Amino acid sequence: QLVAEGDSNQDGTLDFKEFASWVLDHEEQLSQVFRKIDKKMDGYIDAAEIKEAFSQLGISIDDGKAEMLVKRMDMEGNLLISEAEWKEFLLLQAGRSLDEIACYWEHTLMGTLNTGDEAQIPDDFSAEQLRSGQALNMLFSGGLAGALSRTCTAPLDRLKVLRQVYGYQHAGSSAIKAFRWMLQEGGIRSLWRGNGVNVIKIAPETAIKYTFYDFYKRLLFGGPSELQIHQKFLAGSLAGATSQTMIYPMEVAKTRMCLRKTGQYPGGLVGCLASVYREGGTRALFRGYTINLAGILPYAGIELAAYETTRTWLFRDLPSHEAPSVAALLLSGALASSIGIVACYPLALLRTKMQSKVQFSRPELNTVRGLAATVYQAEGIVGFYRGMGANLVKVLPSVAISFATFERINHYFDIAHPFGRTSNRI
């Protein structure tokens, strides 16, 4: 884009004169944005002015992140950005307007990365991003990246579900024996059972979550801007609970499809939902719903706290003027997701067991308390963590595949940022 903007004679290259002209023009535009942010008109930008600039764009950041952005550009260590520091840092970024520069800050310098299927706090998009369609493009890219990531790790996800429901009874004690059993029972395609539903539900789940995230922000706090992290957490959790309520029958179908044998549910997703409905009516489509809802808040809170903690730990020695590396972002996201998984895994296991049958033959197993007591009596604490190994193994490759796919899609379509930089959020 830099070449396209500076190439005045349209020959596909920049000579020195064209480059110098582009630099001078870009410097002047950066100076105009600097003066617009510098409300005190003292020749410096501080954290409070950064925060106010974001607020005007409908993006809420806390004091800590505003200070971190100042430190990225502040070469003198006085927690102030001079005009020279401002221009030096941003000169070769093609963003020129305050919207574009703020977008670069929000999605690149802050190093925000969210992982896991159950992350409950969606992205905040500015009014300009919503008007321009950039937010929709980023959601589209994220959806495609998530679909590919889930597809690549689907065999591990199916192994996890089988372990949660049957323990080690169905195929011996090793993962290799379990995969061998799947191949013998249904061929190589059986490794991906349940993945179709898992991918299909991305679109409605994301659309509902983002719609109600904005709704709850306005309902509870009067608007989308200037929200603190605990307010975003509450709005995000409520939006997650709403989306889970609306698409929950698909969650039940996903579990059933993972557990099915060859020839079962010939009609695919529709056939599975119809079969479950015939077995137990509407209630059967919401088996395990209560415990699923109970797990949303703790998972979101633990993952958020873990992400902030691991990010602080990993970036503690990072020079103030450098942005976090991709590897560090991936590692912090994977660690946070893993901690959330471990902490809430017993709830996930009980939910999956409830989804696997409309009615257990033993009445005490049809309640969460009775099911938990039975698992504990049979296997102790270890019984609540069956399949967790497979779940943890897929975290890092899942994050890496999502990240790489997201970057490639944005690069191909040039949609993530108007100046070619991409979001790190998945």
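How many aromatic pairs does a search of the whole structure find? The search finds eight. Rings of Phe, Tyr and Trp (its six-membered ring) pair if their centres lie within 6.5 Å. This is a predicted model, where local features need pLDDT of at least 70 and side-chain atom pairs count only at pLDDT 80 or more, while totals for chains, interfaces and linings use all residues. Residues are numbered from 1 along each chain as its sequence is written, and side-chain values use heavy atoms, with hydrogens and water left out.

**Overall build**

- The protein has 19 helices and two strands. Helices (H or I, at least four residues) and strands (E, at least two) are DSSP runs, numbered from the N terminus.
- The protein has 426 residues, and 51% of them count as buried. Buried means under 20% relative accessible area, exposed means over 50%, and partly exposed lies in between (1.4 Å probe, protein chains only).
- Among contacts with a separation of 6 or more, 69% join residues 24 or more positions apart. Contact means heavy atoms within 4.5 Å.

**Aromatic pairs**

- Phe-212 and Phe-215 form an edge-to-face pair, 5.9 Å centre to centre with 80° between the planes. Planes under 30 degrees apart count as stacked, over 60 as edge-to-face and the rest as tilted.
- Both Phe-212 and Phe-215 sit in helix H12 (residues 202-221). They are three residues apart, about one turn of the helix.
- Phe-212 is partly exposed, because its relative accessibility is 22%. Phe-215 is partly exposed too, at 41%.
- Tyr-248 and Phe-286 make a stacked pair. Their centres are 6.0 Å apart, and the angle between the planes is 15°.
- Why does this pair tie together parts that are 38 residues apart in sequence? Tyr-248 lies in helix H13 (residues 229-259), while Phe-286 lies in the loop between helix H14 (268-284) and helix H15 (289-314).
- Tyr-248 is buried, with a relative accessible area of 0%. Phe-286 is partly exposed at 29%.
- Ring pairs also link Phe-212, Phe-215 and Tyr-216 into a cluster.

**Helices H9 and H10**

- Two packed helices are described by the angle between their axes and the distance between the axes.
- The axes of H9 (residues 154-166) and H10 (residues 175-186) come within 11 Å and cross at roughly 100°. Axes are lines fitted to C-alpha atoms, for helices over the stretch in contact, and angles run from 0 to 180 degrees between N-to-C directions.
- H9 is therefore roughly perpendicular to H10. Angles of 65 to 115 degrees count as roughly perpendicular, under 35 as roughly parallel, over 145 as roughly antiparallel and the rest as oblique.
- From H9, the contact uses Pro-155, Leu-156, Arg-158, Leu-159, Leu-162 and Arg-163. From H10, it uses Ala-175, Ala-178, Phe-179, Trp-181 and Met-182.
- These contact residues divide into nine nonpolar, no polar and two charged. Ala, Val, Leu, Ile, Met, Phe, Trp, Tyr, Cys and Pro count as nonpolar, Asp, Glu, Lys and Arg as charged, and the others, Gly among them, as polar.

**Buried residues and their contacts**

- Ser-149 belongs to helix H8 (residues 134-152). Ser-149 counts as buried because its relative accessibility is 1%.
- Not counting residues up to four places away in sequence, Ser-149 touches Ser-398, Ile-401 and Ser-402.
- Ile-202 is part of helix H12. Ile-202 is buried, with a relative accessible area of 11%.
- Leaving aside neighbours within four places in sequence, Ile-202 contacts Gly-143, Gly-146, Ala-147 and Arg-150.
- Ile-202 and Gly-142 are 60 residues apart along the chain, yet their C-alpha atoms are separated by 9.8 Å.

**Positive phi in loops**

- Gln-10 is not a glycine, and its phi is positive, near 55°. Gln-10 lies in the loop between helix H1 (2-6) and helix H2 (16-37).
- Tyr-265, also a residue other than glycine, has a phi near 55°. Tyr-265 lies in the loop between H13 and H14.
- Buried or exposed? Gln-10 is exposed at 65% relative accessible area, whereas Tyr-265 is buried at 10%.

**The annotated span and Thr-309**

- UniProt, in an unreviewed entry, places a "transmembrane region" at residues 326-350. UniProt positions are given in the numbering used here, feature names are shortened, and annotations may be inferred rather than shown by experiment.
- Residues 326-350 are 100% helix and 0% strand, and the end C-alpha atoms lie 35 Å apart.
- Thr-309 is in helix H15. Thr-309 counts as exposed, at 54% relative accessibility.
- Thr-309 and Ala-336 are 27 residues apart in sequence and 8.5 Å apart in space, C-alpha to C-alpha.
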